[in-house]
Structure formats: structure tokens, C-alpha cells
Amino acid sequence: RRMQTSLARRQRHRRNGNGRRRDGSGAASKLAIALPLFLFATFVVLGLVGAVTAVGAYGYYSQGLEDPKKLLEDLEFAEETVIYDRSRTVVLARFGEFKRDVVAYDQIPGWLVDATTAIEDKTFWENAGFDPVGIISAAIATAGGNERGASTITQQLVRNALLPPSAFAGGPYERKIKEIIQSIRLTQALPPGVEGKKRIIEAYLNQNFYGNRSYGVKAAAKSYFGIDDLAQLSLAQAAILAAIPQSPTTFDLIKNAEEVCSVAVAEDADCPAGKSRLVIPADAPIVERRNKVLDLMKTRSIVSAGQFSDAQLE
């Protein structure tokens, strides 16, 4: 009887132990299922709150912003009044505050477009009007003491030509939000893909200030290089023009140049008329930036891809 009692006690103990192990295993299994569900639900809730907040902010900050497509279509570029002789080949006079000759996209060489997007907006052809990765990267760089901008070409065009004066009345962050919203709206309103982007880059290149009273890329080519047909621009000249808009005053070619006489003259003598030329030193900031543009074109050329080798860019 004692043996039977002891055996029964061991069996009960084994059953109780097994039950406890089964209970612990069940609790762990439940936790393994519940924790991911909890985290997923948390992320969903946060996502919904973020989405509602974003929609509300979009609705609030887009108030007072006109249709960007219509603004672009109605955009007028102030140009000089040019008076020719009866043959229309000799310029008799020019009147107006600005030097500007408006050009269509088809008149702009691909390497000038690529030079511009390479330095100003590497994701231009595929972004939605703004570059969220670029904004985050710029914010991190700025926090580290290396301040830099993150505006896309579309944002720059919007800021310079497609925002109402009221957008600049608030703080810089409010203006930036409105700038991004209007850039998104413009991109969505234009034809999708390449055709819509062509209209943006065309307006951008005609709008830009390039220093030396030159507005628009064609006026800059004429002013600095004496070139009327943009297709005649060399790679280096295209890269220079792409480099200037970041700071037209700093990179103005005339201000960066030194006058050099092409003939030998006495130390105290003046250079004979017509024998001097403007030369930009190799270590000038505009030259360094031009070289950066050419380097970026090796991997960021889209329109002129395959036309130039890395050696030619070098």
C-alpha cells in the first residue's frame, strides 16, 4: 500500500509539473502572437494619425495657392526690346532693364539640361516635385554644421515665379511647406513623365538669373560667350552656366575675370585697344564649381547619356 501511495504521489507530481510546463508554454505562445499584433496596431494608429495630420496640413497650407498649371501657362518673361534694321540681321538698339531671350526646350542642348539637373536636382526626371530623401539628408547635414539646401528645380521655379506674395509673409518653414505643396500640385497637373518635366526645365532655364544683368540661359550664353545658338555651347560652357544660378553674384564671370593683355607692353603702358581679354583664374570658385558639375555629369546625365565619354568630361 505504501508503494502504491508513493507511486500515486509521483504520478500526481509528474502530472502537475507537466501542467505547469504546458501553461508556461501556452503563455509564451500567446505573447509571441500578441506582441507583433500590438506593434502592428500601434504602427497603424500612428500611420493614420500621421496621414490625418498631413492631409489637414495640406488643406490648411494650400489655401490661397492658385492653380500652378495656369500660373505656368500665363507666366511671362520680361525681355529686352530689340530694334533691327530692315534686313533683321543688324541690331540697331536694345531697350529694357533685363537681358533675356526666351528659348523653347527643343532649342536647349541635352548636355546643358544634364549639367543643370546634375548639380541642382539629380532626381529631377522622376521626383514628384520635391525630394524627401534630399530634404532629410540636408537636415542631417545642417544639424552637423554643414548647411545646404534641398530644393528641387521644380521648387526653385515655384519659389521664384509661382507663389503669391502672401506665401513670403510668414516664417521660412511655412513658405517652404507652401513651396513643396505647389511643386507637387504643378507636377501632378502637367502631363506625366518626360513631357511635363520638359515644361518645368524650360521655364526654369528661362527664369534664372545668371549675373551680369543676364536673365535666362540664352542671354547668359550671349553675354558671356557671344553665342546665340545654345547648341554651339561646349561642355565646359554648359557646365559654367549650370554652376552660376546657385549664387549669381559670387559666380558672375565678369566679376571673377582678370583683364589680360595679349601683347607685350611696357610696365607703365596701357594695353592697345582690342588687344586685351578677360581671363578667369584656374582657382576661381566658378571654375571649381564648373569642374564639380562636369564630374557629376559622368553619372547623372540622362538626356545626353552616351554622347560623351568620361575622358571628354575630364
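Q: In the protein chain, where is confidence lowest and where is it highest?
A: Confidence is lowest in strand β2 (residues 91-95), with a mean of 54, and highest in helix α3 (residues 110-120), at 98. The score is pLDDT, the predictor's confidence in each residue, from 0 to 100. This is a predicted model, in which local features need pLDDT of at least 70 and side-chain atom pairs count only at pLDDT 80 or more, while totals for chains, interfaces and linings use all residues. Residues are numbered from 1 along each chain as its sequence is written, and side-chain values use heavy atoms, with hydrogens and water left out.

Q: What is the mean pLDDT of the protein chain?
A: The mean is 83, and 74% of the residues reach 70 or more.

Q: How many helices and strands are there?
A: The protein chain has 13 helices and four strands. Helices (H or I, at least four residues) and strands (E, at least two) are DSSP runs, numbered from the N terminus.

Q: Back to α3. Is it mostly covered or mostly open?
A: Mostly covered: eleven of its eleven residues are buried. Buried means under 20% relative accessible area, exposed means over 50%, and partly exposed is in between (1.4 Å probe, protein chains only). Among the buried residues of α3 are Trp111, Asp114 and Glu120.

Q: What do they pack against?
A: The buried residues of α3 pack against α5 (153-161), α7 (194-207), α8 (217-225), α9 (235-243) and α12 (285-300). Contact here means heavy atoms within 4.5 Å.

Q: And what share of the protein chain is buried?
A: Buried residues make up 34% of the 314 residues.

Q: New topic. How many disulfides does a search of the whole structure find?
A: One. A disulfide is a covalent bond between the sulfur atoms of two cysteines; the cut-off used here is a pair of cysteine sulfur atoms within 2.5 Å.

Q: Which cysteines form it?
A: Cys261 and Cys271, with their sulfur atoms 2.1 Å apart. The link of Cys261 and Cys271 is right-handed, with 80° about the S-S bond. Cys261 lies in strand β3 (residues 258-261) and Cys271 in the loop between β3 and β4 (276-279), so the pair ties together parts that are ten residues apart in sequence.

Q: How accessible are Cys261 and Cys271?
A: Cys261 is partly exposed at 24% relative accessibility, and Cys271 is partly exposed at 26%.

Q: What about aromatic pairs, how many are counted?
A: Four. Rings of Phe, Tyr and Trp (its six-membered ring) pair if their centres lie within 6.5 Å; planes under 30 degrees apart count as stacked, over 60 as edge-to-face and the rest as tilted. One of the pairs is Phe209 with Tyr215: the ring centres are 4.6 Å apart and the planes are at 35°, so this pair is tilted. Tyr224 and Phe225 also form a tilted pair, at 6.4 Å centre to centre and 55° between the planes.

Q: Is Tyr224 buried or exposed?
A: Tyr224 is buried, with a relative accessible area of 14%. Phe225 is partly exposed at 23%.

Q: Which ring does the charged end of Lys197 sit over?
A: The ring of Phe124, 4.9 Å from its centre. The rule is that NZ of Lys or CZ of Arg is within 6 Å of the ring centre and within 35 degrees of the ring normal.

Q: How far is Lys197 from Glu126?
A: The C-alpha atoms of Glu126 and Lys197 are separated by 8.8 Å, and the two residues are 71 residues apart along the chain. Glu126 is in the loop between α3 and α4 (132-143) and is exposed, with a relative accessible area of 60%.
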